[in-house]
Amino acid sequence: MKNGIPLSEEDRVPWLEALRNTLRRGLVDNETLVLACSALQKRYREILRSADPNYEPCSYASIVKFVLLDVGAEVLAARLVKRAAEGKHFMPAKLLQTQLDLLQIDEAEGILKVDATMDPDTILKTIQTYVI
């Protein structure tokens with residue numbers, strides 16, 4: 001992505017499986033974990049949900065929870081350009097639309113949508129209320 005090339009399925013799946021394995025180790029050790037990544041599609045989130053040793057595939061009943069920081073494309077683009085200029089983001093802004101095109105949200109999954117234009121403290125409190 002740093003070179004302006006979107007990830008392929010061959011790139012994503014091993015990465016998601018590695019994240020799942022890390023989550024699983026933490027869950028087995030009763031740790032509270034936060035993982036930030038762009039699990040844009042349902043099948044990617046299913047891989048991460050399977051970190052829960054008791055997860056039944058496609059049931060969405062998992063101790064692994066998902067939060068969507070919801071904001072318009074124009075706000076995302078402005079933030080991405082700013083972070084890239086500061087050397088704080090690797091993905092070129094030209095790939096943003098490819099990422100948005102991949103996003104799949106199924107209401108049945110119970111994903112918490114949080115308005116990402118709110119201040120960070122309010123976002124954090126909203127998420128904490130959801131996961132506790």
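**Figure 1. Overall fold of the predicted model.** Of the contacts (heavy atoms within 4.5 Å) in the protein with a separation of 6 or more, 59% are between residues 24 or more positions apart. The model is predicted: local features need pLDDT of at least 70 and side-chain atom pairs count only at pLDDT 80 or more, whereas totals for chains, interfaces and linings use all residues. Residues are numbered from 1 along each chain as its sequence is written, and side-chain values use heavy atoms, with hydrogens and water left out. The protein holds 5 helices and 2 strands, where helices (H or I, at least four residues) and strands (E, at least two) are DSSP runs numbered from the N terminus. Their order along the sequence is α-α-β-α-α-β-α. The radius of gyration, taken over C-alpha atoms, is 16 Å, close to the 14 Å that the globule rule (2.2 Å times the number of residues to the power 0.38) gives for 132 residues, so the protein is as compact as a globular protein of that length. Along the principal axes, the C-alpha atoms fill a box of roughly 40 × 35 × 25 Å.

**Figure 2. Helix α2 and its cover.** Buried denotes under 20% relative accessible area, exposed over 50%, and partly exposed in between (1.4 Å probe, protein chains only). By this criterion, 29% of the 132 residues of the protein are buried. Helix α2 is mostly covered, with 6 of its 8 residues buried. These are Tyr44, Arg45, Glu46, Ile47, Leu48 and Arg49. The buried residues of α2 pack against α1 (9-28).

**Figure 3. The salt bridge between Lys42 and Asp106.** A salt bridge is a side-chain nitrogen of Lys or Arg within 4 Å of a carboxyl oxygen of Asp or Glu; the count under this rule is 6. One of them joins the side chains of Lys42 and Asp106, at 2.8 Å from N to O. Lys42 belongs to helix α2 (residues 42-49) and Asp106 to the loop between α4 (96-102) and β2 (112-115), so this pair links distant parts of the chain, 64 residues apart. Lys42 is partly exposed, at a relative accessible area of 27%, and Asp106 is also partly exposed, at 25%.

Figure 4. The side chains of Arg45 and Glu109 form a salt bridge with an N to O distance of 2.7 Å. Because Arg45 lies in helix α2 and Glu109 in the loop between α4 and β2, the pair ties together parts that are 64 residues apart in sequence. Both Arg45 and Glu109 are buried. A network of salt bridges links Arg45, Glu46, Arg49 and Glu109.

**Figure 5. The salt bridge between Lys82 and Glu86.** In this pair, the closest N and O atoms of Glu86 and Lys82 are 2.9 Å apart. Glu86 is partly exposed at 38% relative accessibility, whereas Lys82 is exposed, with a relative accessible area of 51%.

**Figure 6. Surroundings of Ile63.** Ile63 is found in the loop between α2 and β1 (67-70) and is exposed, with a relative accessible area of 52%. Apart from neighbours within four places in sequence, Ile63 is in contact with Leu27 and Asp52. The C-alpha atoms of Ile63 and Ala116 are separated by 23 Å, the two residues being 53 residues apart along the chain.
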